[in-house]
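Subject: Structure for your review

Dear colleague,

Please find below the structure that I am handing over to you. I would be grateful if you could read the notes alongside it.

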Amino acid sequence: MTHAVSAAPGRSGIAGAQSLDGALDGALDGAEQLEHVPFYDLAGMTREVQDEILAEWTGLLKSGQFIGGPAVARFEEEWAEFCGARFAVGVANGTDALHLTLRALGIGPGDEVVVPANTFVATVEAVVLAGATPRFADVDPDTLLITSQTLVEAAGPATRAAIVVDLYGQMPDMDALQATTADLGIDLIEDAAQAQGATWGSGRSGSYGVAGCFSFYPGKNLGAFGDAGAVVTSDERLADRLMSLRDHGRAGGGHYDHELLGLNSRLDALQAAVLSAKIPRLDEWNASRRGLMALYRRLLEPSAARLVEQLPGGNGVYHLAVVRVPDRDRIRAALSKAAIGTGIHYPTPCHLMAPYADFSLRQLPVAEKQAAEILSLPLHPYMQPEDVERVCAVVSEFAPRTE
């Protein structure tokens, strides 16, 4: 999840004898008068939909249909259509979307699931919650995404599935990954939590593989007003199992007829109404993000800050604006001093985290190296071009140059 941290504008020619604090104080004198550039800002999007949402919520307050009902069914139909899938199953959050998908596929103890080491912890957490064993794959040094080669290197005889993560809003080479998982005879599951609306070729995120799993945490490109999630699939049997598992394993026969070991992971109607109000605006919001990222690419010198790349076949939605810099702490301090928010996504690869260390079988050099270099810069649909210019000025000022 994203967390705003203050940070700010500067140029790397600082005298060697000058301390970092002194350099920042001199170069950014008067920064306390600058208007804050937040890492993320939900207020603009909320204002855009609040009247529509309040009207929907008023109707729900009158009807009392807070769990399931027409609002959830409507959202599920809209989201399936948006993603190009036959079915969408609303759940409580993105972690449950992954966990329940694995269980609906019959994946559990004795099975292995390949996951990229560079991802939010929920991707790995879901595998362990399902009773399976995560096998960690390294990532591409330019995109920081899983590749067919790194997937094959991580897979083994017990591998049943691979979770492909559309990290930062970009999709990896889905054609190659589909071919590789088919050759291995394993399921491809998309973790599209950060990529609502992204495309690879003519397909939307979530439409590749057996299922696509989404989080609608408030900070996502399509965010609820609390936790929410969904799974999209074109497999009717899988959709039916997911609908049962999210609702205590209930069968279609009645309220107290339970045929599966399920849990309580239902999407509530209040959040469904929020998401339905936002879906028609998502493409426009994503277009704004793309425009801002194009400006970042024009203004940032690659020798100072290396932006994460997008593959030619994809059209990303830039949930995060991630750069790699050799002296991250220095640049982050400068940005903070200039009243500019930043984040780090993510400071520790999952295979090095304490709960998952026993599953780590080898070093993953790219994931381990990039974790010390990555920095997320401000990005949201209501960000102004002059804010991007301020951010780039600071990064250019304080980033050491590389060849």
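This is a predicted model: local features need pLDDT of at least 70, side-chain atom pairs count only at pLDDT 80 or more; totals for chains, interfaces and linings use all residues.

Residues are numbered from 1 along each chain as its sequence is written, and side-chain values use heavy atoms, with hydrogens and water left out.

Salt bridges

The structure contains 14 salt bridges (a side-chain nitrogen of Lys or Arg within 4 Å of a carboxyl oxygen of Asp or Glu). One of them pairs arginine 306 with aspartate 142, whose closest N and O atoms are 2.3 Å apart. These two residues link distant parts of the chain, 164 residues apart: arginine 306 belongs to strand β11 (residues 306–307), and aspartate 142 to the loop between β4 (133–137) and α6 (148–154). Helices (H or I, at least four residues) and strands (E, at least two) are DSSP runs, numbered from the N terminus. Arginine 306 is partly exposed, at 35% relative accessibility, and aspartate 142 is partly exposed at 36%. Here buried means under 20% relative accessible area, exposed over 50%, and partly exposed in between (1.4 Å probe, protein chains only).

A further salt bridge joins arginine 324 to glutamate 373, with 2.9 Å between the closest N and O atoms. Arginine 324 lies in strand β13 (residues 321–324) and glutamate 373 in the loop between α11 (365–370) and β15 (374–377), so the pair ties together parts that are 49 residues apart in sequence. Both arginine 324 and glutamate 373 are buried.

Sheet

An open sheet is formed by 3 strands in the order β8-β7-β12, with antiparallel pairing (two strands pair if DSSP finds at least two bridges between them). Its edge strands, β8 (203–204) and β12 (314–315), each pair on one side only. Strand β7 (residues 199–200) is joined to β12 by 2 bridges, and threonine 199 has asparagine 315 as its bridge partner in β12.

Surface patch

Leu61, Phe66 and Ile67 make a nonpolar surface patch of about 310 Å². Such patches are made of residues with over 30% relative accessible area and no salt bridge, with like charges joined within 9 Å and nonpolar side chains (Val, Leu, Ile, Met, Phe, Trp, Tyr) within 5 Å; accessible areas come from the Shrake-Rupley method with a 1.4 Å probe, and for residues only the protein chains shown count as cover. Leucine 61 is located in helix α2 (residues 43–63) and is exposed, with a relative accessible area of 63%.

Yours sincerely
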